Amino acid sequence: MPPDQGFLCDCGKPATIRQAWTDANPGRRFYRCGAAWRSVCDFFQWRDLEKPHGWQKTALLEARDVIRAQKETIKLLQEAAKEEPKTEADIAKEEGESSIEKLEKENIILRSELQASHQAEQTLRHFVLISWVGFICVVATVFHGLR
Ligand SMILES: [Zn+2]
């Protein structure tokens, strides 16, 4: 709260107004030193000289408890709202990471399969070439033998 204009603390600093929310003094205002909260000066004085009483006091206490409960609910809702998108994003991120990992693994498997098929193709070519050479040799030998 802003300093109460004109009211000075014992130490000469302008006093600040605060509000008590205890069971005995709900909403009752008091002065505190404006220099620093209970650091050097421990000045205390009620601003509202009359003590809370009657139905007003009961109403203030009820309102205080309602506000406290609502603040707690708001806090819980804010925490829930903060956590929810974070976990959803985390899940999406994890899913993305795992699908990337899966694709990388598939890529490696495909590459090794491609390499294996290349090797098989080369082996087949060699085999075909050797077969041809062998066939030509056999044919040549047969021709030579027939002459
Ligand atoms: Zn003071």
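**View 1. Overall dimensions of the chain.** The protein has a radius of gyration of 45 Å, whereas a compact globule of 147 residues would have one near 15 Å. The radius is taken over C-alpha atoms, and the globule rule is 2.2 Å times the number of residues to the power 0.38. This is a predicted model: local features need pLDDT of at least 70, side-chain atom pairs count only at pLDDT 80 or more, and totals for chains, interfaces and linings use all residues. Residues are numbered from 1 along each chain as its sequence is written. The C-alpha trace spans about 140 × 40 × 20 Å along its principal axes. Buried residues (20 or more other C-beta atoms, placed from the backbone, within 10 Å of their own) make up 5% of the 147 residues.

View 2. The elements run β-β-β-β-α from the N terminus. Helices (H or I, at least four residues) and strands (E, at least two) are DSSP runs, numbered from the N terminus. Mean pLDDT (the predictor's confidence in each residue, from 0 to 100) is 85 for the protein. Among the elements, strand 1 (residues 3-8) has the lowest mean, 70, and strand 3 (residues 26-32) the highest, 93.

**View 3. Two assigned domains.** Domain 1 covers 1-50 and domain 2 covers 53-147; the bounds come from an automatic or database domain assignment. Their C-alpha centres lie 63 Å apart. The contact (C-beta atoms, placed from the backbone, within 7 Å) takes 4 residues from domain 1 and 4 residues from domain 2.

**View 4. Annotated segment.** The unreviewed UniProt entry annotates residues 127-146 as "transmembrane region". UniProt positions follow the numbering used here, feature names are shortened, and annotations may be inferred rather than shown by experiment. Residues 127-146 are 100% helix and 0% strand. The end C-alpha atoms of this segment are 28 Å apart.

Terms used:
Two residues are in contact if their C-beta atoms, placed from the backbone, lie within 7 Å. A residue is buried if 20 or more other C-beta atoms lie within 10 Å of its own, exposed if 12 or fewer, and partly exposed in between; C-beta atoms are placed from the backbone.
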